[in-house]
Amino acid sequence: MVPRYLAGREDILEDAKDTLAYIANGYATRSVVYYGLRGVGKTVLLTEIENIAAENKIYYEHIEAMENGSFMSSISLYVNKVLRKMSIVEKAKQYIDTAFSVAAAFQVFYNKEGEASVGVNPEMVKGVGVADTGNLQNDLTELLVHLGRVGQKIGMGAALFIDEVQYLKDDEFEALMAAIHRCNQLGLPLVVFAAGLPKIAKIAGDIKSYAERLFRFVPIDKLEAEDAKLALTEPAERFNVKYDDEAMQEILKQTECYPYFLQEYGQQVWKQIDENSRRISHEGTLNAYPNFINALDEGFFKVRHDRASEKELEFMKAMVKCGELPCQTNQVASIMKSSYNQIAPIRAQLIHKGFIYATSRGEISFTVPQFDKYLKRIYSI
Ligand SMILES: Nc1ncnc2c1ncn2[C@@H]1O[C@H](COP(=O)(O)OP(=O)(O)OP(=O)(O)O)[C@@H](O)[C@H]1O
Ligand SMILES: [Mg+2]
């Protein structure tokens, strides 16, 4: 849900505006990766930046990477969409055909399952030999370079927004980096704004020196207290509703200033507004607390919880029993009365599914804020 007021992201939005200004003038610039926990506001941030792109008449598309989907087949689809929008521009006419045939070749080659399809008749596509080699890096580079070239010719570039970027497989992520790298070398006006779980900073860290030149890595965290207050008071003021100080402090304490929680608590206290004073009191906030927790448990936490297998749940419960997070995998192993090697596949699976992530020191923690508290509640740990 788009918040009525996007709090505390002013600097990030200013930087994004600067980045987009290059693209709107036909120049190359560094791409951006936003990373952070679940519910901190990465998607709404991308949406806001997409609005800025739209205001500046930049060609853009929003791609959501899927856990089990093929990134290659979706990116070709969206590049095609961008090209179609560009094709209306008179100046693009003579360059767009090649770009389209490259995209078509790419699409034919990377079928829905994301595997190179066998038996494609090369005569079918004009762009044969380009973007259909089955080499992810070469093919994606060809595709994005052609898109960038059209942008350069018409003096207006393109922006690709990729959400849930942690779902890209390693080779897909590397291919994306290689393609962006080539576009940068050629000075093409194409930028990627990606967003994903903290895991992405780790992946990029593994290929670090290279990645840091290409991307700005921007952590998206919970809000500062002042901004968290604004996230609540700004929308409330439009309805002439005010928060008592104590009420506000209570909400900040329980939500730890995580945007999703602020929004949920904000909704629940709304039912507690004193009709005469138009105020939200401390008492009202306490009254709303059980509903707030219930809404989270039945929604935010449950949908995630239900995606875990028995074994994965066992692992996560052991994490909670470690006492403090982040914790060490060895600790988890000993609580589960197993060896590190025995539980390593479950750990890997949980990271893949986006439940947990490895911190920079190799310890593990939940990607969902307060997931430990939730597990404690429902399993009485
Ligand atoms: N800066 C903010 N100010 C006010 N509300 C916000 C802010 N950021 C996010 N929110 C609210 O918090 C909720 C979660 O935001 P969002 O879906 O963008 O998180 P996310 O980081 O993409 O989470 P996930 O990793 O689960 O996809 C949204 O409903 C949004 O309205
Ligand atoms: Mg999101």
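How close do the axes of helix H3 and H5 come, and at what angle do they cross? They come within 11 Å and cross at roughly 15°.

## Model and confidence

This is a predicted model, in which local features need pLDDT of at least 70 and side-chain atom pairs count only at pLDDT 80 or more, while totals for chains, interfaces and linings use all residues. Residues are numbered from 1 along each chain as its sequence is written, and chains are lettered from A and ligands numbered from 1 in the order in which they are written.

The protein chain has a mean pLDDT of 90, with 91% of its residues at 70 or more; pLDDT is the predictor's confidence in each residue, from 0 to 100. Over residues 114–128 pLDDT stays under 50, and the model has 22 contacts for them beyond four places in sequence. A contact requires the C-beta atoms of two residues, placed from the backbone, to lie within 7 Å. Where pLDDT is low, the predicted coordinates should not be read in detail.

## H3 against H5

Helix H3 covers residues 71–86. Helices (H or I, at least four residues) and strands (E, at least two) are DSSP runs, numbered from the N terminus. Axes are lines fitted to C-alpha atoms, for helices over the stretch in contact, with angles from 0 to 180 degrees between N-to-C directions. H3 and H5 are therefore roughly parallel (under 35 degrees; over 145 is roughly antiparallel, 65 to 115 roughly perpendicular, the rest oblique).

Their crossing is left-handed (the near helix is turned anticlockwise from the far one by less than a right angle; clockwise is right-handed). H3 contributes Met72, Ser76, Val79, Val82, Leu83 and Met86, and H5 contributes Leu136, Leu143, Leu147, Val150 and Ile154. These divide into ten nonpolar, one polar and no charged. Ala, Val, Leu, Ile, Met, Phe, Trp, Tyr, Cys and Pro count as nonpolar, Asp, Glu, Lys and Arg as charged, and the others, Gly among them, as polar.

## H5 against H6

H5 (residues 136–154) packs on H6 (residues 170–185) at about 40°, with the axes 8 Å apart. That makes H5 oblique to H6. The crossing is right-handed.

The contact residues divide into nine nonpolar, three polar and four charged.

## Aspartate 274

Aspartate 274 is in the loop between helix H11 (259–270) and strand E7 (279–280). Aspartate 274 counts as partly exposed because it has 13 C-beta neighbours inside 10 Å (buried is 20 or more other C-beta atoms within 10 Å, exposed 12 or fewer, partly exposed in between, with C-beta atoms placed from the backbone).

Beyond four places in sequence, aspartate 274 is in contact with Arg279, Ser281 and Gly284. Glycine 284 is ten residues from aspartate 274 in sequence and 8.3 Å away, C-alpha to C-alpha.
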